[in-house]
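Reader: I have a model open on my screen and would like to learn how to read it. Could you walk me through it?

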Amino acid sequence: MRFLIIFILLPTIVCADQGVNIFCVNMKKLLDKEYKIHKFKFDVTTFQYFDEKKNIFVEVPNKNLIIKPNFFAARFSEYELGFQVNEFKDGRNPIMLMSKYDYKNDKFLDHYLCDVKVGSDNG
């Protein structure tokens, strides 16, 4: 009997949070043939964005994020990246949008449509 209980509980005990990979495209560029995909990762401890100049993911501790229900934002020196999950009452799949907001000048700079995948790969 103990073996059965351990066998049932073990997968839930050893299953670590894989986090999510987020891929976003500027809505103004969706129909372009050469659109750019912006890559992000979000897990239990960090938010990571891909720095193209350094060719690495840069980590921001989650304690430095703004986190609300269905929303989180990372604030940088010049702008804020806000990610929001929009759910629909008619049962359609939720979508994630990202907005780049210039908080110093109080205006949105760009809006992005995002795809979210569970897992630890870079996509």
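This is a predicted model: local features need pLDDT of at least 70, side-chain atom pairs count only at pLDDT 80 or more; totals for chains, interfaces and linings use all residues.

Reader: What is the order of the strands in the open sheet?

Author: Strands are DSSP runs of E, at least two residues, numbered from the N terminus, and two of them pair if DSSP finds at least two bridges between them. Here nine strands form an open sheet in the order 4-3-2-1-9-8-7-6-5, with antiparallel pairing. Strand 4 (56-61) and strand 5 (66-68) are its edges, each pairing on one side only.

Reader: Which residue is the bridge partner of V25 in strand 9?

Author: That is L113. Strand 9 (residues 107-118) is joined to strand 1 by seven antiparallel bridges, and strand 8 (residues 95-102) also pairs with strand 9 over seven bridges. In the hairpin of strands 8 and 9, four residues lie between the strands, and D106 has a positive phi near 55°. D102 sits opposite K107 of strand 9.

Reader: Is L30 buried, exposed or partly exposed?

Author: Buried means under 20% relative accessible area, exposed over 50%, and partly exposed in between (1.4 Å probe, protein chains only). L30 counts as partly exposed because its relative accessibility is 39%. You will find L30 in the loop between strand 1 (20-26) and strand 2.

Notes
Residues are numbered from 1 along each chain as its sequence is written. Side-chain values use heavy atoms; hydrogens and water are left out.
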